Amino acid sequence: MLISKYSAPDFDPYGDNRADEPNTLWPAPVASGPVRATVSLPGSKSLTARELVLAALADGPSLLRSPLHSRDSANMVEALRALGVGIEERAGSGEFGADLVVTPAEELLGSTTIECGQAGTVMRFVPPIAGLALGPTMFDADDSARGRPMGAIIGALRSLGVDVNDDGRGSLPFTVHGTGSVAGGAVEVDASSSSQFVSALLLSASRFENGLDLTHSGERLPSLPHIEMTIAALEARGMTVESPETGHWIVSPGAIAARDVDIEPDLSNAAPFLAAAVVTGGSVTITGWPESTTQVGADLADLLPLFGATVTRDGDRLTVTGPDRPDGVTVDLSTGGELAPALVAIAALADGPSEITGIGHIRHHETDRLAALAAEINGLGGRVTELEDGLRIEPQPLHGGVWRSYEDHRMATAGAIVGLVVPGVEIENVATTAKTLPQFTELWGRMLQGGSR
Ligand SMILES: O=C(O)C1=C[C@@H](OP(=O)(O)O)[C@@H](O)[C@H](O)C1
Ligand SMILES: C=C(OP(=O)(O)O)C(=O)O
């Protein structure tokens, strides 16, 4: 069955704990003992975003099975539709909403406005596509996301022959004046504040007349696995990405193959659930854990044992069993910055100090996550010190209080981890978890009752 209009999934994303107002306080549930549960999770945000974009640029219709349905993915769907791409729901077998049929536009058309919400993937991945469209496309975002770095994309598009109007601050809002084609060619970007600049250009590159010869010029390149995920998604659709050296990628012009694809569960969103096992000495199993994957969340299987947890696999089920009390860790997390909030929450409850570094760039995520994590843990009596590129965490006995989420889904879920063992933690605006996991409070509640099945 094809339904003509994309709509929000028909589950109640907030269950009994719905937070209708941004400043509503959600009492984080306290675990009555070691958490023991089996949890299934919706599709990967990063895979859904890439497959939507590639399907939109492909040479025929593609089916996305078990995609994520969340605020970020809805922003991506609406952005591509605004440019003329057909995206329709089709009943699927997934537990978390419909499959999506994506039909590329015969001709991409601008003369539209795109709301990016808070989605880094939308604000970075879609402007190059708007360059391929005919007519101007204006990009804007939530107030809280307007300050996220965009200068590298704006500058790169100009070097590739696309006219972009902005106010000179390198951030949203701005307008891409698409002419129906992009010359492409050689370009240098500084992707030290986000790997998404590289992914964005690679995703559209084969549709540029001269392809793309992209060099990263900055000192560090964070979140490399996300770039590798982009390359793998391109290769699965018949493209070759040459990388003669680190930080240098070449894509030749060519067609992107239509393809039906299964979206894996979001392994980064598994982090708070697995952390629940680590901080309560319990045992949490995630279903549908892929045997091999490009998702950086798979690194949790190596990261959580550093805290003293045990990880086992049984087919597609990954189980984490916590120690009596987590150990402190010293870890460079430059490849997996999006895992930082959950790991910092564990570290705040550990029995020794931790240093988590290599994550200076997460100051540019949904909020300055280093400042936010330090402020919220310290607000509950903790001792967290900001380093230039990370945090030093010296665990203290914590007390209850309000945990601000800064319109950041991973700040909200980090507070929920702390609240499992610290009575009286109240999370402000837990509804912000809808960015990537609208069912968060429902799944969290179910986990505390033993899980879904
Ligand atoms: O390409 C992607 O899907 C993402 C890349 C990473 O961004 P940064 O490189 O900005 O950290 C990651 O943190 C983000 O959650 C998703
Ligand atoms: C950094 C994140 O999101 P975005 O894709 O908006 O950059 C994140 O989900 O942790």
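**Figure 1. Contacts of glutamine 196 in the predicted model.** Glutamine 196 touches Gly120, Thr121 and Arg124, leaving aside residues up to four places away in sequence. The structure shown here and in the following views is a predicted model. Glutamine 196 is placed in helix H5. This residue counts as buried because 25 C-beta neighbours lie inside 10 Å, the threshold for burial being 20 or more.

**Figure 2. Surroundings of lysine 45.** Lysine 45 belongs to helix H1, which spans 45–57. Its contacts, not counting residues up to four places away in sequence, are Leu68, Ser70, Asp72, Ser73, Asp266 and Thr436. Lysine 45 is buried, since 27 other C-beta atoms lie within 10 Å.

Figure 3. Glutamate 338 lies in the loop between strand S19 (330–332) and helix H9 (340–348). UniProt lists Glu338 under "active site", again in an unreviewed entry. Glutamate 338 counts as buried because 24 C-beta neighbours fall inside 10 Å.

**Figure 4. The shell around ligand 1.** Ligand 1 is surrounded by 14 residues, of which Ser46, Ser194, Ser195, Ser223 and Glu338 are the closest. By class, this shell consists of two nonpolar, 11 polar and one charged residues. Helix H1 (45–57), helix H3 (120–132) and helix H5 (196–205) each contribute at least two residues to the shell. Domain 1 (9–41 + 265–448) and domain 2 (45–262) each provide at least three of the residues around ligand 1.

**Figure 5. The contact region between the two domains.** The chain is divided into domain 1, comprising 9–41 + 265–448, and domain 2, comprising 45–262. Their C-alpha centres are 28 Å apart. Across the boundary, 19 residues of domain 1 are in contact with 26 residues of domain 2. The side of domain 1 that touches domain 2 has five nonpolar, 10 polar and four charged residues.

Note on methods: Residues numbered from 1 in each chain as written. Chains lettered and ligands numbered in written order. Predicted model: local features only at pLDDT ≥ 70, side-chain atom pairs only at ≥ 80, totals over all residues. Domains from an automatic or database assignment. Contact = placed C-beta atoms within 7 Å. Nonpolar A, V, L, I, M, F, W, Y, C, P; charged D, E, K, R; others polar. Near = placed C-beta within 6 Å. Helix = DSSP H or I, 4+ residues; strand = E, 2+ residues; numbered from the N terminus. Buried ≥ 20, exposed ≤ 12 C-beta atoms within 10 Å, placed from the backbone. UniProt positions renumbered as here; feature names shortened; annotations may be inferred.
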